[in-house]
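This briefing goes through one protein model, topic by topic. Keep the structure open while reading.

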Amino acid sequence: MAKKRTKKAPRKRKAKEAPTELIVLPVRNMILFPGVALPLMVGRQRTIAAIQAAVQTSKPVGLLLQRDPDQEVPEPGDLYEVGTVAEILRYWPISDERHNAICQAHERFRIVDYVQTEPYLVARVERIPDAPEPTKGLTALFRALKARAGEVIDLAPGAPEDLGPAVAAMDSPTQLADLVCTFMDAPLADKQRLLETVDLRERLEGLMHVLGDLQEVLALSAKIRQDTKGSLDDAQREYFLREQLRAIRRELGDEEDADEELEDLRIRLKELQLPDDVDRQARKELKRLARLPEQSPEHPTLRTWFEVVTELPWNVLTKENLDLDRAARILDEDHYGLEKVKKRILETLAVRKLNPRGQGTILCLVGPPGVGKTSLGRSVARALGLEFSRLSLGGVHDEAEIRGHRRTYIGAMPGSVITSLRKAGASNPVFMLDELDKLGSGIHGDPSAALLEVLDPAQNNTFTDNYLGVPFDLSRVFFIGTANVLHAIPGPLRDRLEVIEIPGYTEQEKLEIAKRYLVPKQLEAAGLTTAQFGRMASGGAPCKIQAGALRELIRNHTREAGVRGLERAVGALCRHAATHFARGRRRKPLVIRAEDVETILGPAPFDHDVRRRVSTPGVATGLAWTAVGGEILFVEATAIPGKGQLILTGQLGDVMRESAQAALTLVRGRGLDLGVAPEFFRENDIHIHLPAGAVPKDGPSAGVPLVLALASLLTGRRVRDTVAATGEVSLQGLVLPVGGIKEKVLAAQAAGIKTVLLPGRNRADLEDIPAAVRERLEFRFLDRVEEALDLALLGRKS
């Protein structure tokens with residue numbers, strides 16, 4: 001029996017006269033008999049127009065069953081000729097393509113002819129009134145029909161609860177026949193035949209015959225269900241449930257799409273040729289996906305998991321080009337200088353060529369910003385012909401960002417390593433892990449610990465992302481790390497890296513980089529190309545920046561280890577030239593000379609004021625290392641009446657404060673040699689200050705400059721303005737080695753220093769300094785602080 005909700009209407013013995021013309025509504029898969037009210041769902045445009053016209057004119061409609069339920073736009077010949085006249089009790093639209101109505105059927109009608117087919121069907125009809133119910137001769141048939149209908153209702157699974165009582169309470173044979181015909185689960189052809197049967201006795205007999213057949217089928221189904229209850233094994237039960245689910249999806253129109261998606265996933269998994277353990281897990285999850293209804297919260301999560309798995313490059317390898325000569329040529333094309341770095345990269349490529357399956361080292365490029373660490377990674381990828389992927393680790397503080405979230409969490413996603421490989425489309429890209437020194441940690445775990453598995457050649461062939469839940473081989477990935485400072489990289493992670501330091505560029509190197517790379521790039525960015533303007537009358541590009549202008553930028557408008565600031569300054573010059581051309585003021589090439597730079601960019605932010613700063617006793621020039629390269633710093637000392645206290649200012653760290661205390665103790669111990677009476681230290685306070693107080697300063701490298709500043713103050717002898725010093729001091733007067741020598745020497749050369757005082761044990765570090773810089777500077781090596789006093793202090797009092 002069909003699952004419909006009954007609504008009994010009062011029987012009308014005499015129907016109102018029907019109009020000659022009637023709006024016709026084609027229906028499919030249902031027949032509404034007189035005296036019954038049922039909901040009607042409308043979705044076809046012609047039917048929607050018909051029902052809206054009937055509602056607007058308050059007229060009844062004629063419901064006619066179409067012969068072919070698949071016919072979307074039925075014509076008059078596609079409909080039966082007998083239907084029911086119905087009144088629309090309620091009508092409401094749900095969406096543009098779905099409208100609902102409740103219809104109350106009154107009487108039968110027969111089509112005479114159609115008078116209209118567009119925009120909806122209108123026909124002339126003749127109504128078929130119900131024949132008068134005979135008072136005798138139908139009682140036995142009526143009782144038999146009522147009893148059989150009750151039996152069928154009891155056997156029918158899912159019959160409306162109120163249908164049985166409604167049938168039992170029925171006292172009219174006509175109403176009983178129409179009610180049972182409406183709700184019985186019988187073929188539509190049988191129902192239509194009963195609708196067309198006007199004679200009541202024939203209708204009841206025909207209904208008895210249909211109910212008899214239906215009763216036999218239902219009884220047999222009930223017996224089969226009872227006999228097989230408890231005997232179905234798991235496979236049969238699953239098959240039965242799947243068939244029911246498929247039937248439901250077929251009714252909803254979703255079966256075809258769902259089956260196609262599952263089959264597509266099966267084909268893709270087969271084509272991927274996954275590792276055995278991954279393949280087993282994927283097929284297990286695919287079976288679970290087939291069982292899950294689409295309304296389940298797990299369905300989209302599992303579907304997304306399959307998208308990630310099928311899009312990962314499990315066995316996709318890009319062919320490597322291990323031609324070392326070609327790699328060297330590409331590195332030279334993309335980067336000027338950095339010979340030591342290029343040599344180490346070529347050595348790594350050579351080992352990779354001779355031992356492809358070996359556990360290669362993880363290179364880490366350490367240096368200030370703007371020295372070309374990331375671009376070196378891109379050049380390596382271009383030289384090898386591999387994909388390039390970059391992951392910035394700055395500010396990452398959650399382990400799940402590396403290893404992924406577990407699928408039990410809402411919004412779970414794979415980690416950034418797997419996501420980057422998915423985007424790269426190959427399992428052997430050049431993978432740059434940028435800013436390793438800026439990793440954080442918090443309550444969500446330590447991402448540096450997760451990176452240990454990623455970067456360890458002995459473990460990363462089975463790297464397991466929490467989201468995937470299956471291992472992925474990272475051993476074929478060419479990892480390159482970058483950092484600004486080495487000490488900020490966690491120790492266990494630093495132990496897995498081979499560090500290549502890139503200290504910075506000399507003035508000559510910056511000039512060549514600007515000529516070869518920065519100027520052409522910024523000219524193109526500003527639209528100042530020959531393609532844009534053609535060759536000017538005097539030949540060449542529309543804008544030229546002379547070498548003198550570039551040197552002016554390097555010396556006085558930028559002070560950095562890299563070239564980012566220099567690139568911005570070159571860009572400002574190019575934008576200035578672009579403004580002139582855009583306004584139509586220039587027809588000849590614009591040449592920017594050294595004297596034009598200040599006019600365009602304004603006063604130079606940096607000047608070589610060493611001579612002015614050390615023009616009085618008590619001031620010495622030191623050299624410092626920072627994360628962005630080397631810097632010069634000035635140490636100022638003065639004495640004021642007091643109680644022998646040491647005052648330190650300039651935002652100094654603990655190590656530098658201790659260096660200042662050690663320097664003062666060292667100078668006080670040699671006070672007599674310097675011609676200073678012991679009472680001086682008891683009656684005066686010593687104030688040491690390092691300018692640029694907003695910048696934190698720390699480290700032991702300022703030991704020698706502190707001693708020079710104090711000795712200069714106490715003796716009244718100025719420190720030479722062409723001398724800068726670095727080195728740690730001990731209480732015995734020894735000068736101890738320090739780090740960052742190349743960066744400090746480059747900073748001294750840029751500031752116009754002529755003589756650099758270095759610890760004797762740093763003599764080997766001169767090999768890292770370019771020959772051009774070594775030729776322009778004088779290096780003096782110190783074993784004791786007395787040597788620094790002799791070399792740096794002027795011979796007479798000022």
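Thr348 is buried, because its relative accessibility of 11% is under the 20% limit. Thr348 belongs to helix H12. Apart from neighbours within four places in sequence, Thr348 is in contact with Leu363 and Phe478. The model is predicted, and the points below start from the whole chain and then turn to its parts.

**The chain as a whole**

- The protein chain contains 29 helices and 24 strands.
- Of its 798 residues, 46% are buried.

**The five-stranded sheet**

- Strands of a sheet pair through backbone hydrogen bonds, in either a parallel or an antiparallel sense.
- Five strands form an open sheet in the order E8-E9-E12-E7-E13, and the pairing is parallel.
- Strand E8 (388–392) and strand E13 (497–501) are at the edges with a single partner strand each, so one side of each has no neighbour in the sheet.
- On average, neighbouring strands of this sheet are turned by 25° against each other, direction ignored.
- Five bridges link E8 to strand E9 (residues 430–434) in the parallel sense, and Ser392 stands opposite Asp434 in E9.
- Helix H13 (residues 373–384) lies across strand E7 (362–366), E8, E9 and strand E12 (478–483). The angle between H13 and E9 is about 175°.

**Strand E7**

- Strand E7 is largely enclosed by the rest of the structure, because five of its five residues are buried.
- Both faces of E7 are covered. Ile362, Cys364 and Val366 are buried on one side, and Leu363 and Leu365 are buried on the other.
- E7 pairs with E13 in the parallel sense over five bridges, and the bridge partner of Ile362 in E13 is Leu497.
- E7 also pairs with E12 in the parallel sense, over four bridges, with Leu365 opposite Thr482 in E12.

**Helices H11 and H12**

- Helix H11 (residues 324–334) packs against helix H12 (residues 339–354) at an angle of about 155°, and their axes are 10 Å apart.
- H11 and H12 are therefore roughly antiparallel to each other, and H11 passes H12 in a right-handed crossing.
- On the H11 side, the contact is made by Leu324, Ala327, Ala328, Leu331 and Asp332. On the H12 side, the contact is made by Lys342, Ile345, Leu346, Leu349 and Ala350.

**Helices H18 and H20**

- Helix H18 (residues 507–525) and helix H20 (residues 547–557) pack with their axes 10 Å apart, at an angle of about 120°.
- That angle makes H18 oblique to H20, and the crossing of the two helices is right-handed.
- Residues of H18 that meet H20 include Glu507, Leu511, Ala514 and Val519. Among the H20 residues in this contact are Ala547, Leu550 and Ile554.

**A buried proline in a loop**

- Pro313 lies in the loop between helix H10 (298–311) and H11.
- Pro313 counts as buried because its relative accessibility is 2%.
- Pro313 and Ala426 are 113 residues apart along the chain, yet their C-alpha atoms are separated by 5.1 Å.
- Not counting residues up to four places away in sequence, Pro313 touches Leu421, Arg422, Gly425, Ala426, Ser427 and Phe472.

**Backbone exceptions**

- Most residues other than glycine have a negative phi, and most peptide bonds are trans.
- The peptide bond from Glu118 to Pro119 is cis, with omega near 0°. Pro119 sits in the loop between strand E5 (98–116) and strand E6 (121–128).
- Leu338 is not a glycine but has a positive phi of about 55°. Leu338 is in the loop between H11 and H12 and is buried, with a relative accessible area of 12%.
- Glu435 also has a positive phi, near 60°, and is a residue other than glycine. Glu435 is in the loop between E9 and helix H16 (447–455) and counts as partly exposed at 26% relative accessibility.

Terms used. Residues numbered from 1 in each chain as written. Predicted model: local features only at pLDDT ≥ 70, side-chain atom pairs only at ≥ 80, totals over all residues. Heavy atoms only, no water. Buried < 20%, exposed > 50% of the residue type's maximum accessible area, 1.4 Å probe, protein only. Pairing = 2+ DSSP bridges. Axes fitted to C-alpha atoms, helices over the stretch in contact; angles between N-to-C directions. Contact = heavy atoms within 4.5 Å. Parallel < 35°, antiparallel > 145°, perpendicular 65-115°, else oblique. Left-handed = near helix turned anticlockwise from the far one by under 90°.
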